[in-house]
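This report describes the nonpolar cores and the salt bridges of a protein model. Please keep the sequence and the structure in view while reading.

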Amino acid sequence: MGTARQRSDGELVQGTLDMLVLKTLSRGPMHGYGIAQSIQQVSAEVLRVEEGSLYPALHRLELDGMVESEWGQSANNRRAKYYRLTALGRKKMQAQAGNWKRLAEAIARVMETA
Amino acid sequence: MKRWVRKLRMWRRGRQLDRDLEEEFQFHLDSRAAETGDSANAPISFGNATALKEACRELRMFPRLDVLWQDLRYALRTLARTPGFTLVAVVALALGIGADTAIFTIVKGAFSWDLGLDHVDRMILVSLADSSRRQDFGMSYPDFLDLRSQATSLEGLAAYRMASVNLSDNRSLPERYYCVTMSANGFLVSEQKPVLGRGFVADDERPGAPPVAVLSYHVWQDRYGKDPGMAGKTIRVNDVPHTVVGVMPPGKRFPEETDLWTPLIPDAPALQRANRDLMLFGRLPRGGSTAAAGAQLATISTRLAKQFSDSNKGLTAEVQPIGQITGAYNMRSLFAALWVAVGFVLLIACADVAIMLLARGAGRAREISIRVAIGAGRGRILRQLLVESVILSIAGGFLGWLVALGGLRWFDAGTGVVPKPVWLQLSLDGMAFLYLAAVSIGAGIFFGLAPALRLSKVDVYAAIKDGGQGVAGRRRALSLSNGLVALQMALCIVLLSGAGLMIRSTVNLYAAPLGVDPAGVLTMRINLPEAKYPLPESQVHFHRTLQARLEALAGVESAGIVSNLPLGSWIPVSYELEGAVSDPGHPRQTGALVASPTYFRVMGVNPRRGRLLLETDAAGAPVVLVNETFAHQLWPDGGGLGKRLRLAGNPSSLWLTVVGIVPDILQNFRNPLEHDPLIYLPFSEDPRREMFIVARTRVPPATLARPFRRAVRNLDENLPVYEVRTLEGRLAESRLTVNLLGAMFAVFAAVALVLATVGLYAVTAHSVGQRTQEIGVRMAVGGTRRDILRLVFAQGIRPLLLGVALGLPAAFGVTRVLRAVLVGVSPGDPVSFTLVVVVLAAAGVLGCAVPARRATRVDPIVALRYE
């Protein structure tokens, strides 16, 4: 039943994308396009978020109760769907961020001493 | 859990959410276009929007249920587009599933008859067998007591014997019932507790105890209207008053189809070890094993054999689980054979549908390719196709329920036996429904899987370009179809040969000369109770009077009595021949019938030599008749009249003079073609209590049933008449097994043949359709009609030949199961098998002929433009 999901170099591992989305949303409600743009800018164009991954990830997070969505006005006065972090999402994001930090530091230490 | 709740909430707003998704994506695209200023390329970077939407949708919808619903609607639309295919497939499946369910119901009855007992797995039967194990012996009362007191491996052991008795009282007409006379612990051992009153207590079997009886529920209900005060009332069993002490609950009739029970009170003859007329049943303790009990009882019986060598020599006790003995056990292998046969029919039907699905799939390759191209995965396509086939099979199941109902009604009408044994009381119950549902869905997946796997593997590029499956795919599908047809043909051969053998058996059975003229003969049964007719003279007198009264009835030509009706076996006797050496250890054995002089007139039998019995024989020297087989065995050169023989075992028995030789009458019910050597004893010489009354009538015999009953009642109002039937009806009943099996096999084989022909037709037609272009080319370059016909038939014949090659050896093996019921034909009968191949070949030609004709009519010009 799968839609064939193509893998490319810039693609993020699923769990990582979830974490980035949650982190981005922790700064305030945002629509899908905004999230993609934000991640791209903040990462200085290193991380490119594919729409093919972003929207399924958003909908999954919504189903899991990590984010909520509601329709609102965008900057250019169009109806857009805004996602907002829930309390549960915030907790999950903090846990993931902690994990990630430990992991990244660990990897960095290994890479430096080797 | 929360996720499910959210999903459910979303599912209700499905359409709204679909629109939201659309808008969300559009917003994304527009935002990107606005930013890059490149509206044309935005959608491309977005990727496959449809696939993405599908992915998001799948997340929030119960993907399985939802897609299933979609698949369902899609499948129904697709099936409705090809009504012809759908109809043939559903009907084929309905026949297969319906027949299967009907047979399941019958088999279930035969296999699961539970005797109304709890823990039936712990119940055992104990019998005695001699060293050759050729014969089972009953138990004597002293043997029973010894076994019971010494068998520690059993929780309980009870003895019984069974007899049919006359039950009378002051309420209604006397009736004939089966009475089990059982040791007082019988109800305890079989765990049957009364609904009214009590069972037996030890005091009931004390010699001299007042006679008591326990009624079965249905006797209490039918005869006594569930009289709540039944316990304590008096009934007469064979004219001996008994006090009813209890009533058993519905369904509790162990150890036989018991109507009433009386306690077993040992009398003087019962205390002799040589008097073996008891059967034993016992209960194993919880967790006890049959083998252990068997070993212990064998040891005890061996000890008894040593101790009482004149009565018990060489006899060993054997233990068998009860489930293996009672009821329809002997028929089980036959029913199992039927079940297998009907399974074959279902398989053939499934193969038909699979072949048609494959053929149809060729035309759907393009549709499927397009679905794959726009993002459907292989799994999705596979599921879609399976849903289609399961819908077909469920529709077939619904129709099959009707087929099963009709089939069971037909079976019921065909058996027509009253009263019906418990296991033949058939109904389509919840379990049958579950079975049908499981078979339907299973069949749908079974026949759908291969075509679906094949079809879902399309080469998208080639398929869209060619509009077909591509040459390789086509060839693979065709060889799969050919394999299926070969399988159908092989199964068909097995069924046809079974049917052929059974039909030949039926023919043999009816063609065999019975030796009597059964038309226009009414029969009934009477058992003169010992209490009222203690002396032979009183029995002879009774029957003389009754005969005179019956013959006085309007419409009756003559009346007589006999101990065994045609096909109703005989009484085994041993005898000595005057002037011949006799070995007391191995006396001569033969079968005997006891008859009145008029019996032969009623049956339309004339003597071959000598004379028949005469009423005046009673006054003179005792006489006997022998049949031709007997005469031929003893006096092959034609003598016999005037020779004398004497029944053995009784020193006071008289020498009987052979006064006549009568033609053979079929009496053997196990082998209805075999003539056994028989002698006919005059009733006045050797009266029996239990006799059949036969009467030749000038009017349809069944119309005289009531006057006959009345005549008996006027003579003795406590004497029940039972089994009032026409002789033809009885004969039909004794031929029932062969008839019924024959008819069923014939029906299954016919259905299988039709279905297999449809399968062959479908494959050949499909192949002709696929090769239209090729045929056109051949014709264009000068191919003749004959060339084309050869081409088509070669395609059809190959699976047929393969099927025959596989099916014949299988049939030889399988038909062995039928050996027990075949009459006058061996399981490997060459005539039947030749016929089977001829019939199958004819069906094969028929299956190929229509497509072949179509092939020869191909217009080369049209054909070349075909694709």
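Which residues of the largest nonpolar core touch the most other members? The model is a predicted one, and in it this core has 88 residues, of which B:L392, B:F447, B:F748 and B:L840 touch the most other members. Helix α12 (residues 332-373) of chain B contributes the largest share, 18 residues. Another core, of 41 residues, lies apart from this one and includes B:V573, B:Y575, B:V658 and B:L704. As for B:F447, its contacts beyond four places in sequence include B:L93, B:C350, B:L357 and B:L392.

Attention now turns to charged side chains. Over all chains, the whole structure holds 33 salt bridges. Three of them are listed here.

| Salt bridge | Closest N to O |
|---|---|
| B:E23 and A:R79 | 3.0 Å |
| B:R504 and B:D829 | 2.7 Å |

B:E23 is partly exposed, at a relative accessible area of 26%, and A:R79 is partly exposed at 40%.

The pair of B:R504 and B:D829 links parts of the chain that are 325 residues apart. B:R504, in helix α16 (residues 471-511) of chain B, is partly exposed at 30%, whereas B:D829 is buried at 7%.

B:D716 and B:K532 both lie in loops of chain B, 184 residues apart. B:D716 is buried, with a relative accessible area of 2%, while B:K532 counts as partly exposed at 40%. Finally, salt bridges with shared partners join B:R525, B:E690, B:E723 and B:R730 into one network.

Conventions: Residues numbered from 1 in each chain as written. Chains lettered and ligands numbered in written order. Predicted model: local features only at pLDDT ≥ 70, side-chain atom pairs only at ≥ 80, totals over all residues. Heavy atoms only, no water. Core = buried A, V, L, I, M, F, W, Y, C linked by side-chain atoms within 4.5 Å. Buried < 20%, exposed > 50% of the residue type's maximum accessible area, 1.4 Å probe, protein only. Helix = DSSP H or I, 4+ residues; strand = E, 2+ residues; numbered from the N terminus. Contact = heavy atoms within 4.5 Å. Salt bridge = Lys/Arg side-chain N within 4 Å of Asp/Glu carboxyl O.
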